[in-house]
Amino acid sequence: MTGTLSRESGISPVAGPVSVVSPRGEDGSAATRFVVSPDEPVFAGHYPDFAIFPGVCVVDCAHRGALATAPEPVELAAVESARFTGPAFPGDVLDFTLKWRRKDGDWRLSATATTARGAAASVRLRYRAAGSAPQPPDADAAPVLTRARGEAELPEVASLLPHRYPMLLVDRITALDPGERITVVKTVTHNEPWYAGLTPGRDLAYPASLLVESWGQAAGLLASAAAPDARSQVMLFGSVSQAVFHRPVLPGDVVEHRITLSRSLGDSVIFEGESRSGAGPVMSVGQMVMAFRPGDHLRPA
């Protein structure tokens, strides 16, 4: 039995459908598939000169497959981990193997994604029952920016990142301590392409995958500000762990990403931090690893 999951599952940066190849069995296993069309709108602004499917879109495809195969109505509580081991390009077919299990009152999903070239990603997602209370954040988790440049000296976002519409998901740097910390804001609006064609009464929560992508771009701003030579390379989303979602982000919200650079290992950089909106946190990130690679080393043969 096969089927197709459309964007009716919620707002998504991915335009194409996710197909259910095998529905969930008694052992919790399922399989889904996504064909990476060259017409996906994210390609227009995600490294315009180097077409590579964003890692967060791979996570989003896993999430949409999860919603189609879940044991009960659920909502995403956390990306416990996501590790990217191979790129996906236009024309690739992403095959997902899913495994559901119950633990500590929540549902856990393990997913692996492969292309014809081999492994592409491994993802672990945690879900809570739909409508249940989210996990409260750690009160001590927020990094504090103690030193910052004067606002007139802060660089423009577009001068540090290659991303463009519709995948440039940060608006302004508000504080920067190069090599240490950054604060960046992102305003969510109804005018973003992900909201096109929605009907009144629909859930308007900003996609969790795009919130992670926006946070990652803010981290990329910090890395680029500290290492100008990295700007000529492709910034790869290597992995993320313990990205926990505390409450939905809605159109009209101004999200503030607070990021600390915790370690730099040659061409890889490790970050941690959180995102806030209004008076409280909306997401905390235990760790994100980003790597910088020459584009010619990533293109398929």
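Colleague: How many cavities of 30 Å³ or more does the count come to?

Modeller: First, a word on the model: it is predicted, local features need pLDDT of at least 70, side-chain atom pairs count only at pLDDT 80 or more, and totals for chains, interfaces and linings use all residues. Residues are numbered from 1 along each chain as its sequence is written, and side-chain values use heavy atoms, with hydrogens and water left out. On a 1 Å grid over the protein atoms alone, a cavity is a set of points where a 1.4 Å probe fits but cannot get out, whereas a pocket is an open set with protein on both sides within 12 Å along at least five of seven lines. Counting cavities of 30 Å³ or more by this rule gives two.

Colleague: Which elements give two or more residues to the lining of the second largest cavity?

Modeller: Lining residues have an atom within 4 Å of a point, and here they are Val56, Val59, Val79, Ser209, Val212, Phe237 and Val240. Elements are DSSP runs numbered from the N terminus: helices are H or I with at least four residues, and strands are E with at least two. Those giving two or more residues to this lining are helix 1 (55-69), helix 3 (208-226) and strand 10 (234-245).

Colleague: About how much space lies in that second largest cavity?

Modeller: Its lining divides into six nonpolar residues, one polar and no charged. In this scheme Ala, Val, Leu, Ile, Met, Phe, Trp, Tyr, Cys and Pro are nonpolar, Asp, Glu, Lys and Arg are charged, and the others, Gly among them, are polar. A volume is the space filled by probe spheres set on the points, with grid points joined across faces, edges and corners. For the second largest cavity that space is about 40 Å³.

Colleague: Let's turn to pockets. Which element gives the most to the lining of the largest pocket?

Modeller: This pocket has a volume of about 680 Å³, and 31 residues line it, with Leu76, Asp203, Ala205, Tyr206 and Ala208 nearest its centre. By class, the lining holds 17 nonpolar, six polar and eight charged residues. Helix 1, strand 4 (74-84) and helix 3 each give two or more residues. With five residues, the one giving the most is helix 1.

Colleague: And which element has the largest share of the lining of the second largest pocket?

Modeller: About 500 Å³ of space lies in the second largest pocket; of its 31 lining residues, Gly55, Phe84, Leu236, Phe237 and Gly238 are closest to the centre. The lining has 20 nonpolar, nine polar and two charged residues. At least two residues each come from helix 1, strand 7 (118-129), helix 3, strand 10 and strand 13 (280-293). The largest share, five residues, belongs to strand 13.

Colleague: How far away from Cys57 is the nearest cysteine sulfur?

Modeller: A disulfide is a pair of cysteine sulfur atoms within 2.5 Å, and by this rule the count is zero. Cys57 is in no disulfide, and the nearest cysteine sulfur to it is that of Cys61, at 6.9 Å. Cys57 counts as buried because its relative accessibility is 0%. Cys61 is in no disulfide either, and from it the nearest cysteine sulfur, that of Cys57, is likewise away by 6.9 Å.

Colleague: What is the phi of Asp104, about?

Modeller: Asp104 sits in the loop between strand 5 (93-103) and strand 6 (106-115). It counts as exposed because its relative accessible area is 66%. Although Asp104 is not a glycine, its phi is positive, at about 50°.

Colleague: Is His163 buried or exposed?

Modeller: His163 has its place in the loop between helix 2 (157-160) and strand 8 (172-177). Contact means heavy atoms within 4.5 Å; leaving out residues up to four places away in sequence, His163 touches Gly45, His46, Tyr47, Leu168, Glu213, Gln217 and Met235. Because its relative accessible area is 2%, His163 is buried.

Technical notes:
Buried means under 20% relative accessible area, exposed over 50%, partly exposed in between (1.4 Å probe, protein chains only).
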